[in-house]
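Please have the sequence and the model open side by side while you read. The paragraphs below go from the overall fold to one strand and then to the ligand.

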Amino acid sequence: MIDNSHTIHSPVWLASGIRSANRVALAPMTNRSSNADGTLSASERSWLLRRARGGFGIVISCGVYVSLEGQSWPGQLGLTTQAHADSLRPMAAELRAAGSLGIVQLFHGGLRANPDASGVAALAPSANSDDAWSEATEADIARIIAAYRASAALAAAAGFAGVEVHGAHGYLPAQFLSATENARTDQWGGSIENRARLLCEIVRAVRDDHHENFAIGVRLSSEDARQSRGIDIDESVAVAKMMVEAGADFIHLSVWDCDLNSAKHPEIHPITLFRDALPANVPLMVAGKIWTGAEAQRALARGADIVALGRAGILNPDWPERALSEDWAPERGPLTEDEFAEISVGNAFVSYLREKWPQLVK
Ligand SMILES: Cc1cc2nc3c(=O)[nH]c(=O)nc-3n(C[C@H](O)[C@H](O)[C@H](O)COP(=O)(O)O)c2cc1C
(Lines give C-alpha, C1' and ligand atoms only; values in the text may rest on other atoms or scores of the structure.)
Protein backbone atom coordinates (compact mmCIF):
# COMPACT_ATOMS: atom_id res chain seq x y z
CA MET A 1 0.00 0.00 0.00
CA ILE A 2 1.31 3.46 -0.85
CA ASP A 3 1.89 5.72 2.11
CA ASN A 4 0.87 9.23 1.12
CA SER A 5 1.84 10.94 4.33
CA HIS A 6 4.19 12.92 2.12
CA THR A 7 4.26 13.16 -1.64
CA ILE A 8 6.98 13.87 -4.15
CA HIS A 9 5.51 17.36 -4.43
CA SER A 10 5.74 18.26 -0.76
CA PRO A 11 8.74 20.21 0.57
CA VAL A 12 11.58 18.55 2.44
CA TRP A 13 14.20 19.93 4.80
CA LEU A 14 17.80 18.75 4.86
CA ALA A 15 19.37 18.20 8.27
CA SER A 16 21.01 21.62 8.01
CA GLY A 17 17.55 23.20 7.72
CA ILE A 18 17.86 23.99 4.01
CA ARG A 19 14.50 23.50 2.31
CA SER A 20 13.83 21.90 -1.03
CA ALA A 21 10.51 22.86 -2.59
CA ASN A 22 9.80 19.25 -3.52
CA ARG A 23 11.26 15.75 -3.25
CA VAL A 24 12.45 15.37 -6.83
CA ALA A 25 16.17 15.70 -7.63
CA LEU A 26 18.02 15.53 -10.91
CA ALA A 27 20.58 12.75 -10.34
CA PRO A 28 24.24 13.59 -11.02
CA MET A 29 24.98 12.86 -14.67
CA THR A 30 28.23 13.02 -16.55
CA ASN A 31 27.64 14.64 -19.93
CA ARG A 32 31.16 15.30 -21.25
CA SER A 33 30.07 18.77 -22.33
CA SER A 34 32.47 20.92 -20.34
CA ASN A 35 35.14 23.02 -21.99
CA ALA A 36 38.58 21.41 -22.40
CA ASP A 37 39.88 23.33 -19.37
CA GLY A 38 37.06 21.99 -17.15
CA THR A 39 35.04 25.21 -17.12
CA LEU A 40 31.28 25.12 -17.60
CA SER A 41 30.07 25.32 -21.21
CA ALA A 42 26.89 27.05 -22.39
CA SER A 43 25.49 23.66 -23.32
CA GLU A 44 25.97 22.16 -19.85
CA ARG A 45 24.57 25.29 -18.24
CA SER A 46 21.38 25.09 -20.26
CA TRP A 47 21.01 21.32 -19.66
CA LEU A 48 20.99 21.85 -15.90
CA LEU A 49 19.04 25.09 -15.90
CA ARG A 50 16.29 23.60 -18.09
CA ARG A 51 15.70 20.91 -15.41
CA ALA A 52 15.61 23.53 -12.63
CA ARG A 53 13.04 25.49 -14.64
CA GLY A 54 11.14 22.23 -15.19
CA GLY A 55 10.55 22.04 -11.45
CA PHE A 56 13.31 19.78 -10.07
CA GLY A 57 13.66 20.88 -6.43
CA ILE A 58 17.30 19.78 -6.39
CA VAL A 59 19.68 19.80 -9.36
CA ILE A 60 22.93 17.90 -8.91
CA SER A 61 25.84 18.50 -11.32
CA CYS A 62 27.85 15.78 -12.98
CA GLY A 63 30.79 14.39 -11.03
CA VAL A 64 33.21 17.35 -10.87
CA TYR A 65 36.90 16.59 -10.34
CA VAL A 66 38.39 18.08 -7.19
CA SER A 67 41.99 17.60 -8.30
CA LEU A 68 43.45 16.99 -11.72
CA GLU A 69 44.66 13.48 -10.98
CA GLY A 70 41.02 12.55 -10.28
CA GLN A 71 39.79 13.60 -13.73
CA SER A 72 38.35 10.55 -15.48
CA TRP A 73 37.30 11.70 -18.93
CA PRO A 74 37.73 14.60 -21.33
CA GLY A 75 34.95 17.18 -21.16
CA GLN A 76 34.60 16.72 -17.40
CA LEU A 77 33.72 19.70 -15.26
CA GLY A 78 36.38 20.72 -12.74
CA LEU A 79 36.32 22.77 -9.56
CA THR A 80 39.95 23.38 -8.71
CA THR A 81 40.53 26.96 -9.83
CA GLN A 82 38.96 30.38 -9.59
CA ALA A 83 38.30 30.20 -13.34
CA HIS A 84 36.21 27.06 -12.78
CA ALA A 85 34.26 28.78 -10.02
CA ASP A 86 33.76 31.93 -12.09
CA SER A 87 32.32 29.85 -14.94
CA LEU A 88 29.82 28.26 -12.53
CA ARG A 89 28.73 31.36 -10.64
CA PRO A 90 26.08 32.67 -13.07
CA MET A 91 24.45 29.24 -13.25
CA ALA A 92 24.40 28.91 -9.46
CA ALA A 93 22.41 32.15 -9.33
CA GLU A 94 20.09 31.00 -12.10
CA LEU A 95 19.40 27.68 -10.36
CA ARG A 96 18.57 29.56 -7.18
CA ALA A 97 16.32 31.99 -9.07
CA ALA A 98 14.51 29.03 -10.63
CA GLY A 99 13.72 27.80 -7.10
CA SER A 100 16.09 24.84 -7.19
CA LEU A 101 18.90 23.81 -4.84
CA GLY A 102 22.06 23.59 -6.93
CA ILE A 103 24.41 20.89 -5.65
CA VAL A 104 27.90 20.17 -7.02
CA GLN A 105 28.93 16.53 -7.01
CA LEU A 106 32.56 16.33 -5.82
CA PHE A 107 34.41 13.56 -7.63
CA HIS A 108 37.79 11.83 -7.70
CA GLY A 109 38.27 8.86 -10.01
CA GLY A 110 41.20 7.23 -8.18
CA LEU A 111 42.28 4.15 -10.13
CA ARG A 112 39.59 4.90 -12.70
CA ALA A 113 40.98 8.34 -13.48
CA ASN A 114 42.29 8.92 -16.98
CA PRO A 115 45.91 10.14 -17.13
CA ASP A 116 45.50 10.82 -20.88
CA ALA A 117 42.73 13.33 -20.10
CA SER A 118 44.30 14.79 -16.96
CA GLY A 119 47.99 14.65 -17.84
CA VAL A 120 48.65 13.41 -14.30
CA ALA A 121 49.38 9.87 -13.01
CA ALA A 122 46.52 8.09 -11.24
CA LEU A 123 46.55 6.92 -7.64
CA ALA A 124 44.41 4.63 -5.52
CA PRO A 125 44.30 3.15 -2.01
CA SER A 126 46.50 0.27 -3.14
CA ALA A 127 48.89 -0.15 -6.05
CA ASN A 128 48.32 -2.70 -8.79
CA SER A 129 50.76 -5.14 -10.28
CA ASP A 130 51.26 -3.43 -13.66
CA ASP A 131 51.88 0.08 -12.28
CA ALA A 132 48.79 1.58 -13.94
CA TRP A 133 48.39 3.65 -10.78
CA SER A 134 50.30 4.14 -7.54
CA GLU A 135 49.36 3.75 -3.90
CA ALA A 136 48.34 7.01 -2.25
CA THR A 137 50.81 8.13 0.41
CA GLU A 138 49.78 9.87 3.65
CA ALA A 139 50.76 13.14 1.96
CA ASP A 140 48.59 12.32 -1.08
CA ILE A 141 45.63 11.57 1.18
CA ALA A 142 46.07 14.84 3.10
CA ARG A 143 46.27 16.69 -0.20
CA ILE A 144 43.12 14.97 -1.52
CA ILE A 145 41.11 15.84 1.61
CA ALA A 146 42.31 19.43 1.23
CA ALA A 147 41.26 19.34 -2.43
CA TYR A 148 37.68 18.34 -1.54
CA ARG A 149 37.65 21.08 1.06
CA ALA A 150 38.90 23.67 -1.42
CA SER A 151 36.39 22.63 -4.09
CA ALA A 152 33.54 22.84 -1.57
CA ALA A 153 34.73 26.33 -0.60
CA LEU A 154 34.74 27.36 -4.28
CA ALA A 155 31.22 25.89 -4.69
CA ALA A 156 29.96 27.83 -1.66
CA ALA A 157 31.57 31.05 -2.84
CA ALA A 158 30.09 30.55 -6.31
CA GLY A 159 26.62 30.46 -4.72
CA PHE A 160 25.67 26.77 -4.74
CA ALA A 161 23.36 25.41 -2.06
CA GLY A 162 25.76 22.60 -1.28
CA VAL A 163 27.90 19.69 -2.42
CA GLU A 164 27.51 15.95 -2.66
CA VAL A 165 30.60 13.82 -2.08
CA HIS A 166 30.57 10.97 -4.59
CA GLY A 167 31.25 7.91 -2.47
CA ALA A 168 29.54 5.44 -4.85
CA HIS A 169 30.16 3.54 -8.09
CA GLY A 170 33.74 2.47 -7.46
CA TYR A 171 35.51 5.85 -7.64
CA LEU A 172 38.24 6.90 -5.17
CA PRO A 173 36.23 7.17 -1.91
CA ALA A 174 34.45 3.89 -2.80
CA GLN A 175 37.83 2.30 -3.57
CA PHE A 176 38.84 3.13 0.00
CA LEU A 177 35.53 1.70 1.30
CA SER A 178 36.00 -1.49 -0.71
CA ALA A 179 36.98 -4.69 1.07
CA THR A 180 38.63 -5.91 -2.14
CA GLU A 181 40.30 -2.80 -3.63
CA ASN A 182 41.73 -1.43 -0.40
CA ALA A 183 44.56 -3.67 0.82
CA ARG A 184 46.12 -1.11 3.17
CA THR A 185 47.22 -2.06 6.65
CA ASP A 186 47.51 1.50 8.00
CA GLN A 187 44.76 3.74 9.43
CA TRP A 188 43.14 3.97 5.96
CA GLY A 189 42.56 0.23 5.50
CA GLY A 190 41.40 -2.87 7.37
CA SER A 191 38.31 -2.27 9.52
CA ILE A 192 35.31 -0.49 7.98
CA GLU A 193 36.04 2.44 10.31
CA ASN A 194 39.48 2.72 8.70
CA ARG A 195 38.18 2.22 5.15
CA ALA A 196 35.56 4.94 5.76
CA ARG A 197 38.11 7.32 7.25
CA LEU A 198 38.77 9.15 3.98
CA LEU A 199 35.06 9.92 3.46
CA CYS A 200 34.67 10.90 7.13
CA GLU A 201 37.64 13.24 6.96
CA ILE A 202 36.36 14.83 3.76
CA VAL A 203 32.89 15.44 5.20
CA ARG A 204 34.35 16.73 8.49
CA ALA A 205 36.69 19.09 6.70
CA VAL A 206 33.90 20.53 4.57
CA ARG A 207 31.53 20.78 7.56
CA ASP A 208 34.25 22.58 9.57
CA ASP A 209 34.27 25.33 6.97
CA HIS A 210 30.49 25.53 6.50
CA HIS A 211 28.52 25.27 9.72
CA GLU A 212 25.37 26.84 8.38
CA ASN A 213 23.39 27.16 5.23
CA PHE A 214 25.42 24.76 3.14
CA ALA A 215 24.23 21.27 2.29
CA ILE A 216 26.64 18.34 2.42
CA GLY A 217 25.41 15.06 0.99
CA VAL A 218 27.19 11.76 0.52
CA ARG A 219 26.38 9.38 -2.31
CA LEU A 220 26.86 5.69 -1.49
CA SER A 221 26.31 2.44 -3.35
CA SER A 222 24.23 0.14 -1.19
CA GLU A 223 26.13 -2.96 -2.33
CA ASP A 224 28.02 -4.31 -5.35
CA ALA A 225 26.45 -3.48 -8.70
CA ARG A 226 28.10 -2.47 -11.97
CA GLN A 227 31.43 -0.82 -11.07
CA SER A 228 31.09 -1.16 -7.29
CA ARG A 229 33.45 -3.76 -5.88
CA GLY A 230 33.81 -5.04 -2.35
CA ILE A 231 30.83 -3.06 -1.01
CA ASP A 232 28.75 -4.83 1.64
CA ILE A 233 25.30 -3.48 2.51
CA ASP A 234 25.71 -3.86 6.27
CA GLU A 235 28.98 -1.92 6.06
CA SER A 236 27.32 0.69 3.82
CA VAL A 237 24.63 1.27 6.46
CA ALA A 238 27.37 1.72 9.07
CA VAL A 239 29.18 4.13 6.72
CA ALA A 240 25.99 6.17 6.23
CA LYS A 241 25.71 6.58 10.00
CA MET A 242 29.37 7.64 10.20
CA MET A 243 28.73 10.21 7.48
CA VAL A 244 25.89 11.73 9.49
CA GLU A 245 28.09 11.91 12.57
CA ALA A 246 30.76 13.60 10.47
CA GLY A 247 28.29 16.30 9.39
CA ALA A 248 26.43 15.06 6.30
CA ASP A 249 22.89 16.32 6.07
CA PHE A 250 21.56 14.00 3.42
CA ILE A 251 22.48 10.51 2.25
CA HIS A 252 22.06 9.62 -1.40
CA LEU A 253 21.73 5.93 -2.10
CA SER A 254 22.46 4.60 -5.56
CA VAL A 255 20.72 1.25 -6.01
CA TRP A 256 20.32 1.12 -9.84
CA ASP A 257 16.86 -0.50 -9.49
CA CYS A 258 14.54 0.75 -6.77
CA ASP A 259 12.30 -2.28 -7.11
CA LEU A 260 14.95 -4.81 -6.07
CA ASN A 261 15.51 -5.98 -2.53
CA SER A 262 19.04 -6.31 -1.19
CA ALA A 263 21.12 -9.09 -2.78
CA LYS A 264 22.62 -9.96 0.61
CA HIS A 265 19.33 -9.66 2.53
CA PRO A 266 16.66 -10.62 -0.03
CA GLU A 267 13.90 -10.25 2.56
CA ILE A 268 14.48 -6.50 2.92
CA HIS A 269 14.71 -3.44 0.71
CA PRO A 270 17.89 -1.31 0.93
CA ILE A 271 15.81 1.85 1.34
CA THR A 272 14.14 0.43 4.44
CA LEU A 273 17.47 -0.70 5.92
CA PHE A 274 19.06 2.73 5.49
CA ARG A 275 15.98 4.67 6.58
CA ASP A 276 15.69 2.65 9.78
CA ALA A 277 19.36 3.26 10.59
CA LEU A 278 19.45 7.03 10.01
CA PRO A 279 18.17 9.85 12.22
CA ALA A 280 14.73 11.09 11.14
CA ASN A 281 16.03 14.58 10.33
CA VAL A 282 18.52 13.27 7.72
CA PRO A 283 16.73 12.76 4.41
CA LEU A 284 17.46 9.69 2.34
CA MET A 285 17.64 10.32 -1.39
CA VAL A 286 17.44 7.32 -3.68
CA ALA A 287 18.10 6.72 -7.38
CA GLY A 288 17.51 3.74 -9.65
CA LYS A 289 15.04 3.18 -12.49
CA ILE A 290 12.41 5.64 -11.33
CA TRP A 291 10.38 6.71 -14.36
CA THR A 292 6.79 7.29 -13.22
CA GLY A 293 5.18 9.26 -10.42
CA ALA A 294 3.86 5.97 -9.00
CA GLU A 295 7.39 4.50 -8.90
CA ALA A 296 8.66 7.64 -7.18
CA GLN A 297 5.83 7.49 -4.67
CA ARG A 298 6.60 3.81 -4.04
CA ALA A 299 10.22 4.70 -3.18
CA LEU A 300 8.90 7.26 -0.68
CA ALA A 301 6.57 4.65 0.80
CA ARG A 302 9.59 2.37 1.34
CA GLY A 303 11.24 5.11 3.37
CA ALA A 304 13.00 7.39 0.89
CA ASP A 305 12.52 11.13 1.43
CA ILE A 306 13.73 12.33 -1.98
CA VAL A 307 13.88 10.58 -5.36
CA ALA A 308 16.70 11.29 -7.81
CA LEU A 309 15.98 10.78 -11.50
CA GLY A 310 18.67 9.90 -13.98
CA ARG A 311 17.45 8.83 -17.39
CA ALA A 312 13.88 10.00 -16.75
CA GLY A 313 15.34 13.42 -15.98
CA ILE A 314 17.28 13.50 -19.24
CA LEU A 315 14.23 12.70 -21.36
CA ASN A 316 11.62 14.59 -19.32
CA PRO A 317 12.87 18.05 -18.32
CA ASP A 318 9.44 18.94 -16.88
CA TRP A 319 9.09 15.64 -15.00
CA PRO A 320 8.10 17.13 -11.60
CA GLU A 321 5.31 19.16 -13.14
CA ARG A 322 4.12 16.47 -15.54
CA ALA A 323 4.11 13.79 -12.83
CA LEU A 324 1.35 15.73 -11.08
CA SER A 325 -1.13 14.01 -13.39
CA GLU A 326 -1.39 10.33 -12.59
CA ASP A 327 -2.09 9.16 -16.13
CA TRP A 328 0.99 10.88 -17.64
CA ALA A 329 3.40 8.45 -19.34
CA PRO A 330 7.00 9.72 -19.36
CA GLU A 331 9.10 9.82 -22.53
CA ARG A 332 11.52 6.86 -22.50
CA GLY A 333 13.28 7.44 -25.82
CA PRO A 334 14.96 6.79 -28.07
CA LEU A 335 15.15 10.39 -29.32
CA THR A 336 16.94 11.93 -32.27
CA GLU A 337 19.68 14.54 -31.89
CA ASP A 338 17.16 17.23 -32.86
CA GLU A 339 14.68 16.04 -30.27
CA PHE A 340 17.45 16.06 -27.66
CA ALA A 341 18.38 19.60 -28.68
CA GLU A 342 14.78 20.68 -28.00
CA ILE A 343 15.12 19.54 -24.40
CA SER A 344 18.54 21.19 -23.93
CA VAL A 345 20.65 18.06 -24.30
CA GLY A 346 23.53 19.09 -26.55
CA ASN A 347 25.53 17.11 -29.10
CA ALA A 348 28.44 16.19 -26.80
CA PHE A 349 26.00 14.75 -24.28
CA VAL A 350 24.12 12.86 -27.02
CA SER A 351 27.42 11.35 -28.25
CA TYR A 352 28.17 10.20 -24.72
CA LEU A 353 24.68 8.69 -24.40
CA ARG A 354 25.11 6.95 -27.74
CA GLU A 355 28.28 5.34 -26.39
CA LYS A 356 27.10 4.43 -22.88
CA TRP A 357 23.30 4.32 -23.00
CA PRO A 358 22.60 3.56 -26.69
CA GLN A 359 18.98 2.60 -26.12
CA LEU A 360 18.20 6.30 -25.40
CA VAL A 361 19.40 7.57 -28.80
CA LYS A 362 17.88 7.09 -32.27
C1 LIG B 1 24.42 9.56 -18.68
C2 LIG B 1 24.62 9.20 -17.24
C3 LIG B 1 25.68 9.76 -16.55
C4 LIG B 1 25.88 9.47 -15.19
N5 LIG B 1 26.88 10.09 -14.49
C6 LIG B 1 26.95 9.98 -13.14
C7 LIG B 1 27.83 10.81 -12.36
O8 LIG B 1 28.56 11.67 -12.87
N9 LIG B 1 27.83 10.62 -11.02
C10 LIG B 1 27.03 9.70 -10.39
O11 LIG B 1 27.05 9.58 -9.16
N12 LIG B 1 26.17 8.92 -11.11
C13 LIG B 1 26.09 9.06 -12.44
N14 LIG B 1 25.15 8.34 -13.15
C15 LIG B 1 24.20 7.47 -12.44
C16 LIG B 1 22.89 8.22 -12.15
O17 LIG B 1 23.10 9.29 -11.26
C18 LIG B 1 21.80 7.28 -11.59
O19 LIG B 1 22.18 6.82 -10.32
C20 LIG B 1 21.55 6.09 -12.50
O21 LIG B 1 21.42 6.50 -13.84
C22 LIG B 1 20.26 5.34 -12.11
O23 LIG B 1 19.16 6.19 -12.20
P24 LIG B 1 18.12 6.09 -13.44
O25 LIG B 1 17.68 4.66 -13.51
O26 LIG B 1 17.03 7.05 -13.02
O27 LIG B 1 18.83 6.51 -14.68
C28 LIG B 1 24.99 8.58 -14.52
C29 LIG B 1 23.93 8.01 -15.24
C30 LIG B 1 23.73 8.33 -16.59
C31 LIG B 1 22.54 7.75 -17.30
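What follows is a guided walk through this predicted model.

Residues are numbered from 1 along each chain as its sequence is written. Because the model is predicted, local features need pLDDT of at least 70 and side-chain atom pairs count only at pLDDT 80 or more, while totals for chains, interfaces and linings use all residues.

Begin with the sheet, a closed barrel of 8 strands with parallel pairing that runs S3-S4-S5-S8-S9-S10-S11-S12; helices (H or I, at least four residues) and strands (E, at least two) are DSSP runs, numbered from the N terminus, and two strands pair if DSSP finds at least two bridges between them. Neighbouring strands of this sheet are turned by 25 degrees against each other on average, direction ignored, where axes are lines fitted to C-alpha atoms, for helices over the stretch in contact, and angles run from 0 to 180 degrees between N-to-C directions. Strand S3 (residues 24-26) and strand S12 (residues 306-309) run parallel and are joined by 3 bridges, with alanine 25 standing opposite alanine 308 in S12. Helix H8 packs on the sheet, where it touches S9 and S10, and its direction makes about 170 degrees with that of S9; contact here requires that the C-beta atoms of two residues, placed from the backbone, lie within 7 Å.

Now turn to strand S10 (residues 250-254), where 5 of the 5 residues are buried, so the strand is largely enclosed by the rest of the structure. A residue is buried if 20 or more other C-beta atoms, placed from the backbone, lie within 10 Å of its own. Both faces of S10 are covered, with Phe250, His252 and Ser254 buried on one side and Ile251 and Leu253 buried on the other.

On either side of this strand, which neighbours does it pair with? Strand S9 (residues 215-221) runs parallel to S10 and is joined to it by 5 bridges, and arginine 219 has histidine 252 as its bridge partner in S10. S10 also pairs with strand S11 (residues 284-287), in the parallel sense over 4 bridges, and here leucine 253 has valine 286 as its partner in S11. S9, helix H8 (residues 233-246) and S10 make a right-handed β-α-β unit, as do S10, helix H9 (residues 270-277) and S11; right-handed means that, with the strands pointing away from the viewer, the path from the first strand over the helix to the second runs clockwise.

Finally, look at the ligand, around which there are 23 residues, with Ala27, Thr30, Gly63, Gly310 and Arg311 coming nearest; a residue belongs here if its C-beta atom, placed from the backbone, lies within 6 Å of the molecule. Strand S4 (58-65) and helix H11 (311-315) are the elements that give two or more residues to this shell.

Terms used. Buried ≥ 20, exposed ≤ 12 C-beta atoms within 10 Å, placed from the backbone.
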